[in-house]
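Work through these exercises with the model open. Try each task before you read its solution.

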Amino acid sequence: MAIDTSAKINDGDITADVLRDQTRSWLASVLPEGWMEAVDSGDTDTYSKLRSALSYNDWCKTLGESGYATPTWPAEYGAGLSLNPGQARSVNEVLNHYRVPRPFNIIGIGMGGPTLIACGTEEQKMQLLRPLATNEEIWCQLFSEPGAGSDVAGLATRAVRDGDEWIINGQKVWTTLAHLSRWGMLLARTDPESPKHRGLSYFIIDMQAPGVDIRPLVQITGDAEFNEVFMDNVRIPDSMRVGPEGDGWRVAITTLMNERIALSGAGSLAGDAAGGSTSEKLIARHRPVSDLGSRQRLAQLFIDERLIKLNNQRAAEKRRSGGEAGPEGSITKLMQAEFNQRLQKVAIDLEGPGGMAWEGQGTEPGAMAGFVSDVANNRSDISRTFLRAQANTIEGGTSNIMRNILGERVLGLPKEFDDSREKAWIDVPRSV
């Protein structure tokens with residue numbers, strides 16, 4: 001049983017209450033018996049037992065096939081419900097309330113899917129969207145390079161046309177989940193004699209293709225979420241090019257704008273976890289807090305979180321009215337990244353000596369979805385989350401870059417002088 005995606009939804013007649021009721025009814029038909037009652041009554045022991053017994057992969061497939069994993073995606077591709085963002089918010093309120101496991105595929109669902117929907121061919125949408133929504137195919141993003149991080153447009157990975165294929169050579173770095181991914185969003189240079197922003201093309205690359213070499217980068221947490229990826233004469237069919245040849249920067253901007261929303265929006269991994277808790281739950285965990293300094297820090301966290309949620313709502317209303325993801329995502333990304341680091345610092349300080357507990361073993365990335373929702377009472381996991389948060393102001397665009405974007409695109413300040421923008425990329429000096 002899924003939401004009725006007939007004309008009444010397209011006409012906007014369906015109400016938030018009806019959507020919530022239909023979502024609850026669907027969950028009651030597919031979740032293990034007693035799950036919803038345990039959540040409603042606060043019976044964490046029963047919920048934990050049922051959650052542990054649930055097959056995560058099977059559940060993600062059920063959720064994706066129903067359309068609930070990606071409710072705003074077009075239903076005709078077998079991966080969505082064709083809801084607008086406001087309607088989807090009502091659905092997600094129910095899913096969040098009942099602590100429904102979600103696909104740990106933030107890059108694919110948050111960035112790859114929206115990019116395909118906006119810029120892909122019908123064949124690409126039919127082939128790739130459904131297994132994304134069901135978590136059967138993980139995606140990664142192949143943009144950053146050792147010599148092109150903040151200035152992504154300066155990248156050097158080359159794509160050379162060979163009939164109906166492209167031959168790829170180059171290196172990418174800080175590629176999240178590359179070792180688990182089936183597909184990657186690849187930005188490569190197809191015309192080195194054009195200025196750097198106009199000589200790029202965008203591809204979907206098979207991460208299991210011959211010539212793709214993935215090497216893990218171990219973090220301070222002990223995990224290896226990130227990787228460096230080497231491509232040696234990798235062949236990509238032209239049918240897996242997204243957008244026109246040479247128009248890759250425009251397609252990449254679509255991905256980057258959705259990346260900032262994915263990393264900063266409600267429910268994001270980086271966004272509101274303090275040992276698995278929001279700031280409000282952190283306050284409840286340590287109540288009563290007698291130290292005045294700690295109380296002030298907690299109050300400020302509560303205020304900051306509320307401001308971030310209001311900004312998310314503003315961005316959602318823009319998309320609901322038909323607008324595309326824009327620079328407002330940089331506002332929330334900047335706020336959320338710095339907020340989460342402050343949140344984790346407070347969380348670790350409130351634990352006292354227990355905050356130093358650390359077993360030194362990484363978490364398997366595929367298990368992170370359950371990990372994020374269920375670690376509130378494990379101090380070693382609070383330590384891990386604190387360490388992981390140090391990446392928040394770097395990943396998805398550094399905070400300095402976010403401030404530049406906001407200054408230029410929101411406040412209208414002049415761009416810094418850059419004489420490389422109109423030069424042929426091949427003539428621009430760069431490190432080797």
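**Exercise 1: an arginine and its partner**

R250 has 42% relative accessibility, so R250 counts as partly exposed. Buried means under 20% relative accessible area, exposed over 50%, and partly exposed lies in between (1.4 Å probe, protein chains only). The model is predicted: local features need pLDDT of at least 70, side-chain atom pairs count only at pLDDT 80 or more, and totals for chains, interfaces and linings use all residues. Residues are numbered from 1 along each chain as its sequence is written, and side-chain values use heavy atoms, with hydrogens and water left out.

Task: Which side chain meets R250 in a salt bridge?

Solution.
- Apply the cut-off: a side-chain nitrogen of Lys or Arg within 4 Å of a carboxyl oxygen of Asp or Glu.
- D247 is the partner, at 2.6 Å, N to O.
- D247 is partly exposed because its relative accessibility is 24%.

**Exercise 2: pairs within a helix**

Task: How far apart in helix α2 are R20 and D17?

Solution.
- Locate helix α2 at residues 16–30. Helices are DSSP runs (H or I, at least four residues), numbered from the N terminus.
- R20 and D17 are three residues apart, so about one helical turn separates them.
- Their side chains form a salt bridge of 3.0 Å, N to O.

Task: Is K125 buried or exposed?

Solution.
- K125 has a relative accessible area of 9%, so K125 is buried.
- E122 is partly exposed, at 43%.
- The two side chains meet in a salt bridge of 3.6 Å, N to O.
- Both residues lie in helix α8 (residues 122–133), three residues apart.

**Exercise 3: a lysine without a salt bridge**

Task: What is the nearest side chain of opposite charge to K333?

Solution.
- Find K333 in helix α12 (residues 328–350).
- Assign charges: Lys and Arg count as positive, Asp and Glu as negative; His and the chain ends are not counted.
- E395 is the nearest, 6.4 Å away. K333 is buried and has no salt bridge.
- Look at the backbone next: the oxygen of N392 lies 2.9 Å from a polar atom of the K333 side chain.
- Now turn to E395: salt bridges that share partners join E395 with D223, E225, R384 and R388 into one network.

**Exercise 4: the whole chain**

Task: How many salt bridges does the structure hold?

Solution.
- The count is 28.
- For context, the chain has 432 residues, of which 51% count as buried.

Methods
Helix = DSSP H or I, 4+ residues; strand = E, 2+ residues; numbered from the N terminus. Polar contact = N/O pair within 3.5 Å; in protein donor to acceptor, adjacent residues only side chain to side chain.
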